[in-house]
Amino acid sequence: MRFAYLGSGSKGNSALIQAGETCVMIDCGLPLKEVEERLRRHGLGPESVDAILVTHEHDDHISGVAALAERYAIPVWLTPGSLRGWKDAPLELVRRLSPHQSFGIGELQVQPYPVPHDAREPCQYVLGDGRLRVGVLTDAGSVTAHMRSVLSGCDALLVEFNHDLEMLMAGPYPMQLKRRVAGDRGHLSNRQAAALLAAIDCSRLQHLVLTHLSEINNTPEQARSAAAGALHCDPDWIACAHQREGLAWRELR
């Protein structure tokens, strides 16, 4: 298995996870031309994408899905709630999923799980090939016992470290937006995400990637420091996915 990011942050999110000949994209919040270019940068053509998994209907995760799916006839998987919130959905390509039921796409097994976020029916995913598992968590304002259970024992974790709470509260956002971001249905802070890592089984972990970092309310150095403190590891071992550069392929063995 391997994984990569085309982009991660408030201006557009998209990840790739591949097992054998099967490649799925998680979210597509980037313009079509940008997605095509970033896929080429990662050594793939859009026709290599077998499915798009949507986490929720916010623009930075879904704005590019319809154009990509329709251009290349790619099935799109999402919850019924997310579909209700998506006015431009390509209905002929939509596949509805339950956030409580696993399903297969080619060589990948997909385990959705619900998360608390201010969207209609948001979910995140753990993907595996029968031997290795990659856990994805972004856009969640708090952590539930079920989330900890699902993410325990993964071989790679791609986890939101959105903001440093002190930077957020001292920063330029209006107070209403600050409350939304920091709320139970907003985004995970460095402290919250680090507490999650400290609470789950990370004994199999080969890769930790910090995602959805705010360009205004966080820094890679602060996020890495928080994660390294939870795992008692060198901060340089931890990667950050970037808004423009994304993240190059990482292999799981």
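Visitor: Is the crossing of α8 and α9 left-handed or right-handed?
Guide: This is a predicted model. In it, α8 covers residues 190-199 and α9 covers residues 220-231. The crossing of these helices, α8 and α9, is right-handed.

Visitor: How are α8 and α9 oriented relative to each other?
Guide: The axes of α8 and α9 come within 8 Å and cross at roughly 25°. Angles under 35 degrees count as roughly parallel. The two helices, α8 and α9, are therefore roughly parallel.

Visitor: How many charged residues are in the contact of α8 with α9?
Guide: On the α8 side, Asn-190, Ala-194, Leu-197 and Ala-198 take part, and they meet α9 residues including Gln-222, Ala-223 and Leu-231. By class, the contact has eight nonpolar and two polar residues. The number of charged residues in the contact is none.

Visitor: Which helix gives the largest share of the lining of the largest pocket?
Guide: The largest pocket has a volume of about 230 Å³. Of its 16 lining residues, the closest to the centre are Ser-10, Asn-162, Tyr-173, His-187 and His-212. By class, the lining has four nonpolar, seven polar and five charged residues. The largest share, three residues, comes from residues 175-182, helix α7.

Visitor: Which residues that line the second largest pocket are the closest to its centre?
Guide: The second largest pocket has a volume of about 160 Å³. Its lining has four nonpolar, six polar and three charged residues. Of the 13 residues in that lining, the closest to the centre are Leu-213, Glu-215, Pro-220, His-242 and Gln-243.

Notes: Residues numbered from 1 in each chain as written. Predicted model: local features only at pLDDT ≥ 70, side-chain atom pairs only at ≥ 80, totals over all residues. Heavy atoms only, no water. Axes fitted to C-alpha atoms, helices over the stretch in contact; angles between N-to-C directions. Helix = DSSP H or I, 4+ residues; strand = E, 2+ residues; numbered from the N terminus. Parallel < 35°, antiparallel > 145°, perpendicular 65-115°, else oblique. Left-handed = near helix turned anticlockwise from the far one by under 90°. Contact = heavy atoms within 4.5 Å. Nonpolar A, V, L, I, M, F, W, Y, C, P; charged D, E, K, R; others polar. 1 Å grid on protein atoms, 1.4 Å probe; cavity = no way out; pocket = protein on both sides within 12 Å on 5 of 7 lines; lining within 4 Å. Points joined across faces, edges and corners; volume = space filled by probe spheres on them.
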